[in-house]
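We will take it one stop at a time.

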Amino acid sequence: MTTTEAPRKTGASLQFIDDTFQIHRTYSFGTKALKDTFGDKVEPLSVPALFSENVLRRAWEMDCCVVLQHSHTEAGTPLTLRHLHDTRGNKDFLGGKFLYNTDWYKELPLFTEQTSRNGLFLKGRSLMPDSTGKTFVGESLIGADFAERLFDNEMPEQYGAAIEELRTGAERLEKLCGRDWQEGARQCVALAFSRFFRESPVEVLYRVLLAQKVNRERLFEKTYTRTNILSPDGCVVFVGSAGAHGARVNDWGPQAADGSLGFSFSCSGELEAVV
């Protein structure tokens with residue numbers, strides 16, 4: 001793996017993103033998509049230097065989409081899960097419920113306080129097929145391979161170091177999760193890789209709504225993706241099953257493996273956005 005000291009000085013143009021990702025369905029969710037979905041006017045921004053034309057071409061070929069995230073409404077209200085739930089009356093854009101049952105987490109920060117990180121992100125449109133049926137560490141290693149293919153020789157130093165940390169400690173971390181799953185879970189979500197390449201629950205559901213509104217499609221309808229936060233019990237929070245009955249937010253230990261649970265790639269174009 002080759003790393004670079006700093007990203008390129010300029011990224012691709014917004015027109016390049018439109019030309020590349022708006023073929024057939026819209027795979028680029030920018031200012032217009034945010035206005036249509038959330039009612040907020042967001043100022044256009046330049047493409048981050050990390051998202052060069054070569055990276056974006058590979059992202060398209062690897063079934064990624066471009067998502068502009070924002071953390072607050074135009075009025076300055078935090079765009080939390082509770083805000084999305086309450087302002088829409090818990091309805092999604094396809095005639096169903098937004099969230100299934102919020103009883104266990106309605107008082108937790110993941111519902112009341114956490115917001116999406118700001119900026120332009122590349123995200124996998126679904127779970128990576130080879131990542132299902134694996135542990136937290138196992139699916140993370142699949143995600144690391146994906147990130148290396150995506151960035152190739154334009155991998156920024158911080159991302160490369162996060163991948164190296166994951167690979168170097170993977171065997172130790174797997175054993176720890178088997179011996180002490182709570183401490184193992186804590187260390188899993190604390191990995192730089194988890195911070196750089198996984199989403200929070202509100203970020204997952206933010207783009208679920210975007211895809212419903214813009215493309216009339218349901219993401220994660222029959223699958224779940226692990227996030228980068230813990231529940232009060234020390235389990236890893238995962239999100240999915242976002243059908244007409246509402247998306248489910250649950251938790252499980254890091255050693256849990258299931259055919260419907262896996263890794264969904266997410267990556268910011270601005271390293272400062274994920275620190």
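The tour starts with the whole chain and then visits single residues.

**Before you click**

This is a predicted model: local features need pLDDT of at least 70, side-chain atom pairs count only at pLDDT 80 or more, and totals for chains, interfaces and linings use all residues. Residues are numbered from 1 along each chain as its sequence is written, and side-chain values use heavy atoms, without hydrogens and water.

**Stop 1: the whole chain**

The chain has 10 helices and 10 strands. Both are DSSP runs, numbered from the N terminus: helices are H or I with at least four residues, strands are E with at least two.

Now show the C-alpha atoms. They fill a box of roughly 50 × 45 × 30 Å along the principal axes. A compact globule of 275 residues would have a radius of gyration near 19 Å, and the 18 Å of this chain agrees with that. The radius is taken over C-alpha atoms, and the globule rule is 2.2 Å times the number of residues to the power 0.38.

Next, colour by burial. Of the 275 residues, 55% count as buried. Buried means under 20% relative accessible area, exposed over 50%, and partly exposed in between (1.4 Å probe, protein chains only).

**Stop 2: Asp36**

Select Asp36. It sits in helix α2, residues 31–38. Is Asp36 buried, exposed or partly exposed? Asp36 is partly exposed, because its relative accessible area is 36%.

A polar contact of 2.8 Å joins the side chains of Asp36 and Lys32. A polar contact is a pair of N or O atoms within 3.5 Å; within protein, one must be able to donate a hydrogen and the other to accept it, and residues adjacent in sequence count only if both atoms are side-chain atoms.

Now pick Ser126. Asp36 and Ser126 are 90 residues apart in sequence, and their C-alpha atoms are 22 Å apart in space.

**Stop 3: Ser131**

Select Ser131. Look in the loop between β4 (119–124) and α6 (136–151). Ser131 is buried, because its relative accessible area is 0%.

Which backbone atom lies 2.6 Å from a polar atom of the Ser131 side chain? The backbone oxygen of Met128 does. Now show Phe263: its backbone nitrogen lies 2.9 Å from a polar atom of the Ser131 side chain.

Finally, show the contacts (heavy atoms within 4.5 Å). Leaving aside neighbours within four places in sequence, Ser131 touches Glu139, Ile142, Leu261, Gly262 and Phe263.
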